[in-house]
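Trainee: I am new to this structure, and I would like to learn how to read it with you, one feature at a time.

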Amino acid sequence: MNLHDWIDELCDLLDVDSEADEGLLGDLAQVAHDNVHPVAGPVTTFLLGVAAGARDAGPDTIERLAAQVQEARGGLGPPARRHGR
């Protein structure tokens, strides 16, 4: 099963009518994981989803919210360089 099919299956299971931007969510999760804490990735995307749902947000608003998250704490920025790479 690919990611898009998994998202469709979850939306059906959870009775959610949503077009998730898996690229945006994946990128945001990776940046939070690499720059904050490994668990920050899924927590960040979960809270973005809660905020989007509370606002009945469309794609443009979700992109704006994601940009705000990336700018939090002075900007998460690109993934931190790891020693030895």
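Trainee: In which helix does Phe46 lie?

Mentor: Phe46 lies in helix 3, which spans residues 40–55. Helices are DSSP runs of H or I with at least four residues, strands are runs of E with at least two, and both are numbered from the N terminus. This is a predicted model, in which local features need pLDDT of at least 70 and side-chain atom pairs count only at pLDDT 80 or more, while totals for chains, interfaces and linings use all residues. Residues are numbered from 1 along each chain as its sequence is written, and side-chain values use heavy atoms, with hydrogens and water left out.

Trainee: How many helices and strands are there in the protein chain?

Mentor: The protein chain has four helices and zero strands, and its pattern along the sequence reads α-α-α-α.

Trainee: Is Phe46 buried or exposed?

Mentor: A residue is buried under 20% relative accessible area, exposed over 50%, and partly exposed in between, with a 1.4 Å probe and protein chains only. Phe46 is exposed because its relative accessible area is 56%. In the protein chain of 85 residues, 19% count as buried.

Trainee: Which residues make the nonpolar surface patch?

Mentor: Patches are made of residues with over 30% relative accessible area and no salt bridge, where like charges are joined within 9 Å and nonpolar side chains (Val, Leu, Ile, Met, Phe, Trp, Tyr) within 5 Å. A salt bridge here means a side-chain nitrogen of Lys or Arg within 4 Å of a carboxyl oxygen of Asp or Glu. The nonpolar surface patch, of about 460 Å², is made by Val39, Val43, Phe46, Leu47 and Val50.

Trainee: Which residues gather in the patch of negative charge?

Mentor: On the surface, Asp5, Asp8, Glu9, Asp12, Asp15, Asp17 and Glu19 gather in a patch of negative charge. Asp15 has its place in the loop between helix 1 (3–14) and helix 2 (22–35), and Asp15 counts as exposed because its relative accessibility is 73%.

Trainee: Why does Asp34 count as buried?

Mentor: Asp34, whose place is in helix 2, counts as buried because its relative accessibility is 17%. The side chains of Asp34 and His33 are joined by a polar contact of 2.8 Å; such a contact is a pair of N or O atoms within 3.5 Å, where within protein one must be able to donate a hydrogen and the other to accept it, and residues adjacent in sequence count only if both atoms are side-chain atoms.

Trainee: What does the side chain of Asn2 reach?

Mentor: Asn2 lies in the segment before helix 1, and its side chain reaches the backbone nitrogen of His4 at 3.1 Å. A polar atom of the side chain of Asn2 also lies 2.7 Å from the backbone nitrogen of Asp5.

Key
Areas by Shrake-Rupley, 256 points an atom, 1.4 Å probe, with all protein chains shown as cover. Lys, Arg positive; Asp, Glu negative; His and termini not counted. Charge placed at Lys NZ, Arg CZ, Asp CG, Glu CD.
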